[in-house]
Amino acid sequence: MVKVVLSSGSASQQFTGGETEFEVEATTFRRLVLELEQRYPGLGKQVEESMAIAIDGEIFQDAYAAELQAGSEIVLIPKIGGG
Amino acid sequence: MAKTYVSATINGEQTEFLCETQQTLLDVLRDVVGLTGSKEGCASGDCGACSVILDGRLVCSCLVLGVEANGTTITTIEGIAQGDKLHPVQQKFLEHAALQCGFCTPGLIVASKALLDENPNPTETEARYWLAGNLCRCTGYDKVIRAVMDAAAEMRGETVG
Amino acid sequence: MNYIDSSLKVVGSRPVRPDGVDKVTGRAVFAADTRTAGMLWGKILRSPHAHARIVSIDTSKAEALKGVFGVVTAADFPDIPSEEAFVGEGPVNFRDLALNVMARHKVLYEGHALAAVAASTQEIADQALALIDVKYEVLPHVIDVEEAMADGAPILHDDMITTGVNPPPTKASNIAKVVTFKKGDAEAAFAEVDVIVEGRYTTQPVHQAYIEPHACLATYSPDGQIQIHSSSQGHFMVRAYTAKLLGLNLSDIRVNPAEIGGGFGGKTLVYLEPVAVALSRKSGRTVKMQMTREEVFRGSGPTSGAAMDVKIGAKKDGTIVAAKQVLKYQAGAFAGSPIGPGCMCGFAMYDLPNVDVVGYDVVSNRPKVAAYRAPGAPITSFAVESAMDELALKLGMDPLTLREKNAAKNGTKTHYGPTHQNIGFTAVLDAVKAHPHWKAPLKEGQGRGLATGFWFNIGGESSAQVHVNEDGSVTAATGSPDIGGSRASIGMMVAEVLGVPADVVRTIVADTASIGFTHLTGGSRVTFATGMAATQAAEKVVEDLKRRAAQTWEIPVDAVEWKDGKAYPAGSNAGAFEPLDLAALALKSPRTGGPIAAEVSVNAQGAGAGFGAHICDVTVDKETGHVTIERYTAIQDVGKAIHPSYVEGQIQGGAAQGIGWALNEEYIYNDRGQMENPGFLDYRVPVASDVPMIEAVLVEVPNPRHPFGARGVGEVPIVPPMAAIANAIRSATGLRMPDLPMSPPKVRAAFDARG
Amino acid sequence: MSSLSYAAPTSVDEAVKLLAGASGLAKVLSGGTDLLVQLRSGRVKPDLIVDTKKIPGLIGIREDNGSYIIGAATPGAEVEAHAGMKTAWPGLVEALDLIGSTQVQGRCSLAGNLCNASPAADSVPALYAAAATAVIVGPNGRREVPVEQIPVSPGRTSLAKDEFILEFRLPPRPARSSDAYLRFIPRTEMDIAVVGCGVSVTLDGNGVCTAARVALGAVAPTVILVQAAADALIGHTLDADTLAKLDAAAQDAAKPISDKRGTIEYRIKVAGVLARRTAGIAFDRAQGLKNGKAH
């Protein structure tokens, strides 16, 4: 189990009906995205295309291959660019 | 309108070219003579990237007509180093990392050389005001001014730490 | 491998950059410096109106003009569908990008491109533009961000439905999206606090104002192969966008990176390249385009202007328990202001239990914003750090002490979710406290201000190659345009790994056909991500060199060690052999497996956030309102300075840009929505005599994710200056200046208002 | 192809003939720092450019028993470097030193600055304050007029199509006379004056002003001479009361517009401030107390 937090109450919450925190069974980010898509249709795609994630505080622009430890906190945030 | 024949001494070389009246000296240097070291940042005399020394005076080549150059002596950035021997200002710009993107650098170096030709011992304030017509958006001017002051000291033969 | 605790010979030194001599002698080739025989000049027709429907465009007269070889309009570009993509500098909608490059149906700001010509001379091109007959139906326009949000405002896009609100609205507005971040319960917490400060702050759009105008040269061959030579922050970005906007294959486009004359985020989009390719395709000739300075101001991206409300509540002892922010960012004509980072960065320096941030992304009839150095952060931080100064005054507390008390540390959970790791903010504040500037007595009439700033920094995809040439010299190639000295820092990391002096390594920037994909130079990612790729490529080369030495000596590879640029037998029992250096190994390379080279591509993660604090002293002329910066110190956690001089240069340059943003830079519009100051005469960037020496103090808290501990450094330094100066003015005069720029008329008016 | 032609006559007569004979618009080129910008932007589309710099006397400074004569096309930098001018007319010199950048001062001329007829031209208030005259040449020979009779409105002068300025004449300086010029700009350099002020004074042995001229720039369609401001000075030392009257007179005379460089309210206030500060420098110089540039 990992804890998923939708930090930005923007676009993503429309998929979860307002939910911002939930537990998901997943060992990789890939599985997590599929899991999210199943549970909240649209959210997985949203996460893949336009969100960065923080795994236990560390920000990944693209965490596709990242492994998730049980009990990890996954925070979904808008992607970050720069000048 | 026929083009005008112009003959000028550019970086020590007798140079002849044809240009149209509305072409600026900057246009001519870049597009006709092929000296692209002088840059166009504004074409209105506000950025100094096109600075050259014309008959001993620092000017913006974008504010001089090509036809006005007839019979003049011009030094551009390409003429600042003596062969492969860099001018002290160029050397100090390198040592002090006084450039980042390097686009305003030719103008700054020409203007700095002109300053030191006229005033070998400028104060920091004099250097800053002299160079106020050379915009640099990368460096905040700090290292540029240090390079110019250091070059001045070296040219005066002072040992610098 | 990780070198953070090893003793370093090259990294941390200050060698001359590889491209230095070319740049001080005028030899360096920037995009506008290339020309080819038979080349045409391309020029763009731009809208004189802030908002208008394009009724018709008649190009027949222009096409008939002698010397004109091609005219294009939106009809020559595919009408591509809305598609979001994330390409390094932020999300981009390709449909918006296409419409920004060439307007279709409607022009949305003065300067919006709607046609282009290719002609044998610039003069003929200008005449041709004048012959293009455009019929406009002028529409009401809106410039100000809050007016654009108001009911009844002219609507730019009748299909723009605000996202981020539930349920979604049913009618179109100029609000592209609403972003909200919540931590704890701010509303409830405000009821518990002893002291509250509230303020309303505004900033104006400011242009990146790189000195080199956008320029490119494009050739479309009859076989569909395309060559582009241009100045950008990412030639792979130019390839991707040009292909997308023209419906071409990436493999058919080769982009050569010219030297880039500054970008600061403003060259992370395309404006000219797709147009030049379209003109070349139509004319069958090479087409060169370069913007005038006026076009740069009217047609390319500034960053957002904003209106902001901020509220902070604290206990008597200075502990902040509640914070609230409402941010309205102006995006220009198309959605995409940096509102997300704006919402995240404002309070990121502090450990706050209850935070409530709402942000609006708002379109209006101005040029589409482009990234600008820490996009979004300087704006929000101007408001927050000004409010922090007011809070310190209200509490009767030293502004540094207030920040120390609430500073974010490792383990601090941010209001946007992530928990800070390996950050150096408290180390930065310690450096402020220890710095002589902070303790120096103020002269009569002077004031001192302090402000801090944060930027995430990013990583992402980068590729690098290391070649050991036949003579043992080394060439390193990357896909990252060198905008401020990255050839030097990349080459130094390679030299460090190889154990050779910096000048043994030549670093170049390879074109899109010569190296793996590399994200653009932005987000302060090059030294971090491209540096990581280059370091790993050098390590592969070292492994290969050890293998070749082992083969030569006929001993096992693990019996070979590499140090100071030579292979040595590891210990006496490995055998007694003369060490082999790069030259010796390169000479034998044909016999030991051929050329010595390695390429590594990475998608670097864990860039490591950056924090900075700026101290500024000012004097204010009460009669004219003129503000003089007397002394300036910028302190920043840089992780590890690879080439300290260029790190200092980034910090000094960012501070100077911030000084311009604070005091004088702004877009001035007339009542027809036309920009009145599109040049360096009246768009007032700082000149050499406007600024003092800027002392850059480097704090080094290593970033464990980078082999040498580096963090991005280019963006943090533009975050604190506006508030640092506002706070210094407050300290000198007692006046709070909540609106940028703090120009002389505004400062004088503030004095008069106080009486 | 362009129809713009160029001529660099070597005599006054030749230049006058060219100007008189020109079909369409002819522009006189001296320094070119305004003209070239206008050409590039398309704001002016001349058919002929007459470069006056090759005409004898157009470049150079000479002294004629106490009176300085400056060739119309003399670059600002040459005037700034002239020892005699720096001593006699420090205000005019510092005004030239404030025009644009070092690069611009390598070209820009008094004639160009005056005939561009911008109300914000830096050297013009100093010329007005100095009571300079301009020697104008044309088909009917020479005429000498006070400089303030030349600009008539923004971009327009009283010169006929076939006339141009040959030289400027500055009157001899009585003892205890000096001048000063200050302008206000948002930055420290490179901006167009938001307000400019030139003051020239002569004092008696007790520091009482016996003669004064005060000119303001950028507060009216042309640079203006402010007699009321001069009257506030004449017969007085520069005490607080005099300064207050001067300030009021300057503010009263200022009738500016609001534009991208300043608002009406702001320009009026700054006109008063600059009048006081400029007079202060001029008085100090006349008393031999201080002599330096205002920046």
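1. The bounds of a domain, as the word is used here, come from an automatic or database domain assignment. Chain D is divided in this way into domain 1 (5–51), domain 2 (63–170) and domain 3 (177–286). The centres of domain 1 of chain D and domain 3 of chain D, taken over C-alpha atoms, are separated by 35 Å.

2. The model is a predicted one: local features need pLDDT of at least 70, side-chain atom pairs count only at pLDDT 80 or more, and totals for chains, interfaces and linings use all residues. Residues are numbered from 1 along each chain as its sequence is written, while chains are lettered from A and ligands numbered from 1 in the order in which they are written.

3. Which chains share the most contacts? Of the four pairs of chains in contact, this holds for chains B and C; two residues are in contact if their C-beta atoms, placed from the backbone, lie within 7 Å. The pair brings together 41 residues of chain C and 41 residues of chain B. On the chain C side, the elements giving two or more residues are helix H1 (20–25) and helix H18 (644–663). Helices (H or I, at least four residues) and strands (E, at least two) are DSSP runs, numbered from the N terminus. H18(C) provides the largest share of that side, eight residues.

4. By class, the side of chain C that touches chain B has 21 nonpolar, 15 polar and five charged residues. Here Ala, Val, Leu, Ile, Met, Phe, Trp, Tyr, Cys and Pro count as nonpolar, Asp, Glu, Lys and Arg as charged, and the others, Gly among them, as polar.

5. Chain A and chain B do not touch, and their nearest C-alpha atoms are 13 Å apart. Chain A and chain D do not touch either, with 26 Å between their nearest C-alpha atoms.

6. Within chain B, helix H3 (residues 105–118) packs against helix H5 (residues 142–155) at an angle of about 40 degrees, and their axes are 11 Å apart. Axes are lines fitted to C-alpha atoms, for helices over the stretch in contact, and angles run from 0 to 180 degrees between N-to-C directions. H3(B) and H5(B) are therefore oblique to each other; angles under 35 degrees count as roughly parallel, over 145 as roughly antiparallel, 65 to 115 as roughly perpendicular and the rest as oblique. From H3(B), B:Leu108, B:Ser112 and B:Leu116 meet residues of H5(B), including B:Val148 and B:Met155. This contact of H3(B) with H5(B) has seven nonpolar, one polar and no charged residues.

7. In chain C, helix H11 (residues 377–395) and helix H19 (residues 721–733) pack at about 30 degrees, with their axes 8 Å apart. H11(C) and H19(C) are therefore roughly parallel to each other. Among the residues making the contact are C:Phe382 and C:Asp389 of H11(C), and C:Met722 and C:Arg730 of H19(C). The residues of this contact divide into five nonpolar, three polar and three charged.

8. Chain C also holds an open sheet of three strands in the order S6-S2-S8, with antiparallel pairing; two strands pair if DSSP finds at least two bridges between them. Strand S6 (106–107) and strand S8 (133–138) of chain C are the edge strands, each pairing on one side only. Strand S2 (residues 52–58) of chain C pairs with S8(C) over six bridges, in the antiparallel sense. In S8(C), C:Lys135 is the bridge partner of C:Ser56.
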